[in-house]
Every structure is written in structure tokens, then in C-alpha cells.
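My plan is to go from the whole chain down to a single residue.

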Amino acid sequence: MKHLDITVKGKVQGVFFRAGAKAVADQLGVKGFVKNEPNGDVFIAAEADDTFLEMFLEWCHEGAEHAVVTSVESHEGELKNYRNFEVVKKSL
């Protein structure tokens with residue numbers, strides 16, 4: 001198991017990016033969350049085996065159908081052992 005903090009930049013808000021990320025994460029068994037950032041980026045915390053994280057990261061480079069991804073940054077982080085994958089609606 002590995003934890004990645006992923007930041008996706010580009011036209012990634014208002015294009016169902018979070019819903020798409022959840023669908024792909026659920027399909028691959030990736031746990032964590034996805035949320036919109038105030039600056040227009042999308043932030044994802046993702047945990048899974050290397051193979052599934054790699055596939056998920058690949059999807060992040062493409063994004064949802066109407067998304068225009070300009071860059072994806074990912075950094076390994078500490079495992080949080082999430083139970084599922086959630087779409088965070090608003091920043092707390």
C-alpha cells in the first residue's frame with residue numbers, strides 16, 4: 001500500500017472531474033478523497049497498491065471527458081488507511 005497526494009491543474013472544476021475520479025477510484029479499489037481547491041486545482045489523496053495507483057494516476061492525466069489537464073503533481077505521503085473514496089463537496 002502506498003499513499004499519494006495528487007494535485008491536478010488545468011480546467012478541472014465544473015467538468016465532473018471529482019465524480020469521474022470517484023468512479024475510477026471505486027473501480028480500482030483506490031481509497032481516499034478528492035476535493036476542489038479555491039485556486040481552481042483539484043486535490044486528491046489516494047491510497048492503493050502500486051499498480052492501481054499507477055492506473056489511477058494515468059486517469060488523472062486524462063481526466064473527465066470535458067477536463068483539460070495541464071499538469072499533475074504527485075508526492076508520496078503517510079498512509080492514512082482510508083475506508084473508502086469520497087468526494088469532498090466544500091472545504092471545511
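Below are my notes, in the order I looked things up.

**Ground rules.** I'm working with a predicted model, where local features need pLDDT of at least 70, side-chain atom pairs count only at pLDDT 80 or more, and totals for chains, interfaces and linings use all residues. Residues are numbered from 1 along each chain as its sequence is written, and side-chain values use heavy atoms, with hydrogens and water left out.

**Fold.** I found two helices and five strands in the protein chain. Helices here are DSSP runs of H or I with at least four residues, and strands are runs of E with at least two, numbered from the N terminus. Read from that end, the order is β-α-β-β-α-β-β.

**Size.** I checked the radius of gyration (over C-alpha atoms; the globule rule is 2.2 Å times the number of residues to the power 0.38). The protein chain has 12 Å, which agrees with the value near 12 Å for a compact globule of 92 residues. Its C-alpha trace spans about 30 × 30 × 20 Å along the principal axes.

**Packing.** Of the contacts (heavy atoms within 4.5 Å) with a separation of 6 or more, 77% join residues 24 or more positions apart. I noted that 40% of the 92 residues are buried, meaning under 20% relative accessible area, with exposed over 50% and partly exposed in between (1.4 Å probe, protein chains only).

**One residue.** Where does lysine 90 lie? I found lysine 90 in the segment after strand S5 (85-88). Lysine 90 is exposed, because its relative accessible area is 68%.
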